[in-house]
Amino acid sequence: MDERILRRHFSAYGEVKHVVVDVKKAIAFVTFVDPSKAQISLQQQHIIGRKVEVRPAKPKVEIGKRKIFVGGLPRSITDEELKGYFEKFGSIVDAVVIHDKETKRSRGFGFVTYEAEESANLVLRTNFHLLNNKRVEVKKVTPRQEMVPTGFGFPPYYYDPYYQTYFYVVWVPIPGFY
């Protein structure tokens, strides 16, 4: 299933702004110019070579104000150590050290997500913290909805500040990838 076929099929419901196909995940995202057209297409049965399931794309839960970036981490630090240090500021939902996919080595940064925005703000009062005898920097994370998309790697639901509109996307499984 390619972008042209999906664009042609869904254009019958309204003007299609973007079509992004993720072959690895066997899904596609279709963005309509008019959100009401996405709603209409969701109520229909779709056969594109075979019957496909169409669902609304849902935005990720807003965590931007509760999530912090931690940079300059020691290469040997574990997720548990990261969480252990930052949980003194409040209850943590998630703490993760980012690793290189190929080498599995720490990339020297991570993220901490708190249950409450106040906890993240408490951490951010100080730009640098001492973790395992190393000075690390903390910063506020910019939510994806506020990031300007680049190329085709945009999230399926995002805010475009230039147009000041939300883009709605319909999720379409690609036939033959099950």
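Is His46 buried or exposed? His46 counts as buried because its relative accessibility is 1%; buried means under 20% relative accessible area, exposed over 50%, and partly exposed in between, with a 1.4 Å probe and protein chains only.

This is a predicted model, in which local features need pLDDT of at least 70 and side-chain atom pairs count only at pLDDT 80 or more, while totals for chains, interfaces and linings use all residues. Residues are numbered from 1 along each chain as its sequence is written, and side-chain values use heavy atoms, with hydrogens and water left out.

**Around His46**

His46 belongs to strand E3, residues 46–47. Strands (E, at least two residues) and helices (H or I, at least four) are DSSP runs numbered from the N terminus. A polar atom of the His46 side chain is 2.6 Å from the backbone oxygen of Ser41. Leaving aside residues up to four places away in sequence, His46 is in contact (heavy atoms within 4.5 Å) with His9, Phe10, Tyr13, Ser41, Lys51, Val52 and Val54.

**Salt bridges**

A salt bridge is a side-chain nitrogen of Lys or Arg within 4 Å of a carboxyl oxygen of Asp or Glu. The count by this rule is three.

| Salt bridge | Closest N and O atoms |
|---|---|
| Arg4 and Asp2 | 2.8 Å |
| Glu53 and Arg55 | 2.5 Å |

Glu3 and Arg7 both sit in helix H1 (residues 3–10), four residues apart, about one turn of the helix. Glu3 is partly exposed at 31% relative accessible area, and Arg7 is partly exposed at 27%. Glu53 is partly exposed at 39% relative accessibility, and Arg55 is partly exposed with a relative accessible area of 40%.

**Nonpolar cores**

A nonpolar core is a set of buried Ala, Val, Leu, Ile, Met, Phe, Trp, Tyr and Cys residues joined through side-chain atoms within 4.5 Å. The largest has 18 residues, of which Ile68, Val70, Leu82, Phe86, Val112 and Tyr114 touch the most other members. At least two residues of this core come from each of strand E6 (67–71), helix H3 (79–86), strand E7 (92–99), strand E8 (106–114), helix H4 (117–124) and strand E10 (134–140). Not counting residues up to four places away in sequence, Val112 touches Arg66, Lys67, Ile68, Val70, Leu82, Phe86, Ile92, Asp94 and Ala95. A second, separate core has twelve residues, among them Phe10, Val16, Ala38 and Val52. Phe10 and Val52 are also among the residues that His46 touches.

Conventions: A polar contact is a pair of N or O atoms within 3.5 Å; within protein, one must be able to donate a hydrogen and the other to accept it, and residues adjacent in sequence count only if both atoms are side-chain atoms.
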